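Take a look at the model below. This report walks through some of the contacts inside it.

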Amino acid sequence: QVQLVESGGGLVQPGGSLRLSCTASGFIFSIEAVSWVRRSPGKELEWVSSISPSGTSTTYADSVKGRFTISRDNAKNTFYLQMNSLKPDDSAVYYCSDKGRSLWKSGRRGQGTQVTVSS
């Protein structure tokens, strides 16, 4: 049974940083691309970033490129989203997905972690 558990969200001021973590189980993590997605109030679910199984290839939405960094530790079945220079528009519930860029809409997700960027 696939399980994804996010952590690391919280309240941060504009310009601040947060690091989200997602611990996965129930599938062979090291051979799957994975993603972060988010849902802001009143908006549809939005893809944020994906990383290849080995971690050597990463992709980002234009809205976060240059500010967010996705990474993974296959030994720990965990992947991360380092978020810097946060903006109020980044406020959302962030979910990790067990699928990569092309399949994220059909992927399973965790329960989500709330990120609020506000002064």
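## Salt bridges

Asp-90 and Arg-38 join their side chains in a salt bridge, 3.0 Å from N to O. This pair links distant parts of the chain. Asp-90 sits in the loop between E8 and E9, while Arg-38 is in strand E4, 52 residues apart. Both Asp-90 and Arg-38 are buried. Keep in mind that this is a predicted model.

Asp-90 has a further partner. Its side chain also meets that of Arg-67 in a salt bridge, at 2.7 Å from N to O. Arg-67 lies in the loop between E6 and E7 and Asp-90 in the loop between E8 and E9, so this bridge ties together parts that are 23 residues apart in sequence. Arg-67 is buried, with a relative accessible area of 11%. For Asp-90 the relative accessible area is 2%, so it counts as buried too. Salt bridges with shared partners join Arg-38, Glu-46, Arg-67 and Asp-90 into one network.

How many salt bridges does a search of the whole structure find? The search finds five. One of them pairs Asp-62 with Lys-65, whose closest N and O atoms are 3.1 Å apart. Asp-62 has 66% relative accessibility, so it counts as exposed. Lys-65 is at 49%, so it counts as partly exposed.

## Aromatic pairs

Now for the rings. A search of the whole structure finds three aromatic pairs. In one of them, Phe-29 and Phe-79 are stacked. Their centres are 6.1 Å apart, with 25° between the planes. Why does this pair tie together parts that are 50 residues apart in sequence? Because Phe-29 lies in the loop between strand E3 (18-25) and strand E4 (34-39), whereas Phe-79 is in strand E8 (residues 78-83). Phe-29 has 2% relative accessibility, so it counts as buried. Phe-79 has 0%, so it is buried as well.

Phe-79 also pairs with Trp-36, and this pair is tilted. Here the distance is 5.3 Å centre to centre, and the planes are 55° apart. The pair links distant parts of the chain, with Trp-36 in strand E4 and Phe-79 in strand E8, 43 residues apart. Trp-36 is buried, and so is Phe-79. Ring pairs link Phe-27, Phe-29, Trp-36 and Phe-79 into a cluster.

## Charges over rings

Rings can have charged neighbours too. Arg-72 lies over the face of Phe-29, 4.3 Å from the ring centre. The charged end of Arg-19 sits over the ring of Tyr-80, at 4.0 Å from its centre.

## The nonpolar core

Which residues touch the most other members of the largest nonpolar core? They are Trp-36, Phe-68, Phe-79, Leu-81, Met-83 and Tyr-94, out of 31 residues in that core. Several strands each supply at least two residues of this core, among them E3, E4, E8 and strand E10 (113-117).

## A look at Thr-59

Thr-59 is in strand E6 (residues 58-60). Is Thr-59 buried or partly exposed? Its relative accessibility is 33%, so it counts as partly exposed. Not counting residues up to four places away in sequence, Thr-59 touches Trp-47, Val-48, Ser-49, Ser-50 and Arg-101. Thr-59 and Gln-114 are 55 residues apart in sequence and 22 Å apart in space, C-alpha to C-alpha.

Terms used
Residues are numbered from 1 along each chain as its sequence is written. This is a predicted model: local features need pLDDT of at least 70, side-chain atom pairs count only at pLDDT 80 or more; totals for chains, interfaces and linings use all residues. Side-chain values use heavy atoms; hydrogens and water are left out. Rings of Phe, Tyr and Trp (its six-membered ring) pair if their centres lie within 6.5 Å; planes under 30 degrees apart count as stacked, over 60 as edge-to-face and the rest as tilted. Helices (H or I, at least four residues) and strands (E, at least two) are DSSP runs, numbered from the N terminus. Buried means under 20% relative accessible area, exposed over 50%, partly exposed in between (1.4 Å probe, protein chains only). A charge sits over a ring if NZ of Lys or CZ of Arg is within 6 Å of the ring centre and within 35 degrees of the ring normal. Contact means heavy atoms within 4.5 Å. A nonpolar core is a set of buried Ala, Val, Leu, Ile, Met, Phe, Trp, Tyr and Cys residues joined through side-chain atoms within 4.5 Å. A salt bridge is a side-chain nitrogen of Lys or Arg within 4 Å of a carboxyl oxygen of Asp or Glu.
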